[in-house]
Amino acid sequence: MKIDLRSDTVTVPDVGMLDAMMTAKVGDDVYGEDETVRELEHKLAVMFDMEAGLFCPSGTMTNQIAIKCFTNPMDEVICDQGSHVYRYEGGGIAYHSMTSVRLINGERGILTPELIEPEINEENIHYPNSSLVVLENTTNKGGGAAYSLAQIEPIHTLCNIKGLKLHLDGARIFNALLATGDDASAYGQYFDGISVCLSKGLGAPVGSVLLGSKETIKAATKIRKAFGGGMRQAGYLAAAGIYALDYNIAKLAMDHYHARALADALSKTNYVASIYPVETNIVIFEVAEGIKPERVVYHLAEKGILCNTTGPKTVRLVTHLNITEEMIDKTIEIIKQLQVSAHK
Ligand SMILES: *Cc1c(COP(=O)(O)O)cnc(C)c1O
């Protein structure tokens with residue numbers, strides 16, 4: 001049996017979710033006739049107190065559509081250096097939106113007004129126009145660190161004063177809400193766009209929803225068409241998303257608990273130098289001096305535990321819906337017994 005801790009994207013639907021998909025009422029969503037897609041978009045819009053939503057095939061697409069909506073060519077997007085929109089979306093910002101990117105070194109991917117303000121360009125013929133800030137909650141490369149609303153609010157204020165839009169890559173927003181205790185409905189007032197993934201911790205097979213004003217979503221719908229993301233009887237997929245929202249948000253607490261248990265075991269080994277604080281479902285640790293992270297990943301894989309490196313010194317484990325208590329116990333046992341020799 002493999003214990004797959006590479007990502008929370010590896011989950012497969014359970015019987016309840018499959019049943020919801022099988023019995024979904026569908027129509028042609030490009031014609032706006034799929035009531036299940038409408039229901040999902042509406043449900044999330046209400047949840048986050050945004051006017052409207054748009055169901056898309058991936059979080060990459062919702063992010064890239066948002067960036068295109070909120071910028072013009074030759075503008076500049078401000079984000080953390082480790083952010084998904086910059087690192088893991090195939091150079092999409094340059095390709096789709098033709099803007100430059102201003103990178104900030106956030107603390108585990110978390111930005112502050114103090115970090116952002118000096119990077120906003122004044123109006124000057126030499127400078128690209130700073131038009132958008134993108135936040136990520138939780139931060140993937142930052143080890144699942146969560147912004148609280150109290151941290152977001154002053155960033156919103158700064159963007160407002162300086163005339164920049166604010167987009168949230170909320171691939172793991174429900175993990176953040178659980179960790180901070182914040183209320184989803186308070187988010188709408190701060191963001192021009194919110195991207196919510198259904199296929200991460202929530203366990204749906206496919207799909208993300210972009211939330212925004214009616215005007216933004218109207219523009220986004222046209223961009224989605226141009227990106228090739230207009231889907232027909234997409235209600236079968238949206239039904240999985242609705243099911244995920246109804247049944248799987250509550251299960252995220254177990255993922256966070258499991259992540260802390262893994263971190264605790266890792267902290268007692270000699271091949272781990274340090275571990276990022278575990279706030280949600282991601283555990284990132286730095287390997288001890290002289291040890292290559294690839295070796296740790298390799299040795300764990302030999303024992304049936306799959307995980308990834310995230311840099312020259314770091315290894316990442318992600319807990320999710322398909323990881324059971326039993327699997328965590330087994331993983332902890334293996335973590336404790338593992339011998340990793342120093343690289344020569
Ligand atoms: C996974 C992820 C996305 C979107 O990924 P897709 O695979 O395109 O759905 C966006 N942002 C972050 C931080 C992610 O982890």
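Predicted model: local features only at pLDDT ≥ 70, side-chain atom pairs only at ≥ 80, totals over all residues.
Glycine 59 places a polar backbone atom 2.8 Å from an oxygen atom of the ligand. Two side chains also take part. In lysine 200, a polar side-chain atom lies 2.8 Å from a ligand oxygen atom, and in asparagine 140 the corresponding distance from a polar side-chain atom to an oxygen atom of the ligand is 3.1 Å. Taken alone, the ligand exposes 380 Å², and the protein buries 85% of that area.

Which residues surround the ligand? They are Ser58, Gly59, Thr60, Asn63, His84, Glu89, Glu136, Asn140, Asp169, Ala171, Arg172 and Lys200. By class, this shell comprises six polar residues, five charged and one nonpolar. Helix α3, which covers residues 59-70, provides the largest share of the shell, with three residues.

I now move to the chain as a whole. Its secondary structure amounts to 13 helices and 13 strands. The radius of gyration is 20 Å, close to the 20 Å that the globule rule gives for 344 residues, so the chain is as compact as a globular protein of that length. The C-alpha trace spans about 55 × 55 × 35 Å along its principal axes.

Of the 344 residues, 54% count as buried. The chain exposes about 15300 Å², of which carbon and sulfur atoms supply 52%. Finally, among contacts between residues at least 6 apart in sequence, 75% join residues at least 24 apart.

Conventions: Residues numbered from 1 in each chain as written. Heavy atoms only, no water. Near = heavy atom within 4 Å. Polar contact = N/O pair within 3.5 Å; in protein donor to acceptor, adjacent residues only side chain to side chain. Areas by Shrake-Rupley, 256 points an atom, 1.4 Å probe, with all protein chains shown as cover. Helix = DSSP H or I, 4+ residues; strand = E, 2+ residues; numbered from the N terminus. Nonpolar A, V, L, I, M, F, W, Y, C, P; charged D, E, K, R; others polar. Rg over C-alpha atoms; globule rule 2.2 N^0.38 Å. Buried < 20%, exposed > 50% of the residue type's maximum accessible area, 1.4 Å probe, protein only. Contact = heavy atoms within 4.5 Å.
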